[in-house]
Amino acid sequence: MNRYWCEHAWLDGRVAHGVVVETAGSEIAAVSTSDRVPAGAVALRGVVFPGFANAHSHAFHRALRGRTHAATAEGSFWTWRRDMYALATRLDPDSYLRLATAVYAELALSGTTVVGEFHYLHHPPGGGRYAEPNAMGEALAEAARLAGIRLTLLDTCYLTGGIGRPLAPEQSRFSDGSAQAWAERARPGEDRGEVRVGAAVHSVRAVPPDELAVVATAAAGRPLHVHVSEQPAENEDCVAAYGRTPVELLAEHGVLGPETTAVHATHLTTADVGWLGETGTGVCLCPTTEADLADGLGPAGELAEAGVPLSLGSDQHAVVDPFVEARSLEHGERLRTGRRGRFDPADLVTALTAAGNTALGWPTGGRLAAGAPADLVAVRLDSTRTAGCRPDQVLFAATAADVHTVVAGGRLVARDGHHEHLGAAGALLTAAIDPLW
């Protein structure tokens, strides 16, 4: 059993002073308060949060950071996608293990203790199968183990290259040919320790309506994620083909519900927001990616008012900083509506912690409470960014650089910007990314 004394800690929706967290194995055993550091306890200065959940990750996209912004790279999400597909052809299980390990180490340094990997790099480039059909997914599981964080592998069904269009050659490695073949390979629900296996529908562009119910049935009782209405063109194509928006199509085929998370949900109608709220479907917003790809600002305020649980992800990892991701949710609302304060610090902490854990199938996670995963993230109050902050508002000032200690599953994984088991994440990233280019 380990004991931590937190100078300040996020407890039951507020900041409390002098919180003692006792851990037993990978779980929190007890939480109490004390004005003094108990004998034998590790003192964590600053503010301690539950571990952060990154509910939407494409680990391989990290290799695109800083490579898509030249004058010749003008365009849209669709032109960026060509670069992403080209990168996807260069990865195999070994190189993906190196890259994902480095990416998950970077996430751990930022305070992320659980990640949802939206995984569709299933097969060798050009088609065919690996001897182990889930070799790429196994690489992700091993990467998470090495980085010391929990993983929800959202194994993704991806069948077409667009509505009514065949797969392009560079997309062939994403596909199992049919939803039934996907289900037989992916086997949602076959958990392994700190890895949980859920499912994903890539999008209504990539899974035809007559295959959607197969995915939903295979994923029953498991986290099921789906890209929804990220781009206006997706909505226009869907309405033209089916006379329905993507949200309406997903609802019709049984994809929406409390285990489902719609990712992005940027271009929604009022009726779409209603469907998400009525079905208990969550939404994962990825503000830094949605800005980087010029996706737009989604109706986050309206979704919250409809009772939709909101979580956060970093998607392509153009930015890995949970604090920036969280406050960008509120800043986006300010830009969109001209008003401040739609999401207060408590709302943002919930999105980063409890809501994200729930979306990934870890319903006890994201809380400092007995029985929850022993995930602690300690944030400085004395850096040049956070000095003078009220502890309950540090989320609006801190960055990932202010995280000084990360405990995940009861184990120390990062301290002062250094991964305890993997060393310097920057060197790992360089060694993994440079050979891909």
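**Notes on helix packing and the domain interface**

1. Let's start with a helix pair: α4 (residues 179–186) and α5 (residues 209–218) have axes 9 Å apart and pack at an angle of about 20°. Axes here are lines fitted to C-alpha atoms, for helices over the stretch in contact, with angles running from 0 to 180 degrees between N-to-C directions. Helices are DSSP runs (H or I, at least four residues), numbered from the N terminus. α4 and α5 are therefore roughly parallel to each other (angles under 35 degrees count as such, and those over 145 as roughly antiparallel).

2. A word on the model before going on. It is a predicted one, in which local features need pLDDT of at least 70 and side-chain atom pairs count only at pLDDT 80 or more, while totals for chains, interfaces and linings use all residues. Residues are numbered from 1 along each chain as its sequence is written, and side-chain values use heavy atoms, with hydrogens and water left out.

3. Now to the second pair, helix α2 (residues 93–109) and helix α14 (residues 425–433), whose axes cross at roughly 155° and come within 8 Å. α2 and α14 are therefore roughly antiparallel to each other. On the α2 side the contact (heavy atoms within 4.5 Å) uses R98, L99, A102, V103, A105, E106 and L109, and on the α14 side A425, L428, L429, A432 and I433. This contact has 10 nonpolar, no polar and two charged residues; Ala, Val, Leu, Ile, Met, Phe, Trp, Tyr, Cys and Pro count as nonpolar, Asp, Glu, Lys and Arg as charged, and the others, Gly among them, as polar.

4. On to the domains: the assignment gives domain 1 (2–50 + 367–421) and domain 2 (52–360), with bounds from an automatic or database domain assignment. Their centres, taken over C-alpha atoms, are 29 Å apart.

5. Where the domains meet, 27 residues of domain 1 contact 28 residues of domain 2. About 2200 Å² is buried between them, 70% of it from carbon and sulfur atoms; buried area is the accessible area (1.4 Å probe) that two parts lose on being put together, summed over both. In domain 1, the residues losing the most area to domain 2 are L395, F396 and H419, together 31% of what that side buries.

Key: Helices (H or I, at least four residues) and strands (E, at least two) are DSSP runs, numbered from the N terminus. Angles under 35 degrees count as roughly parallel, over 145 as roughly antiparallel, 65 to 115 as roughly perpendicular and the rest as oblique.
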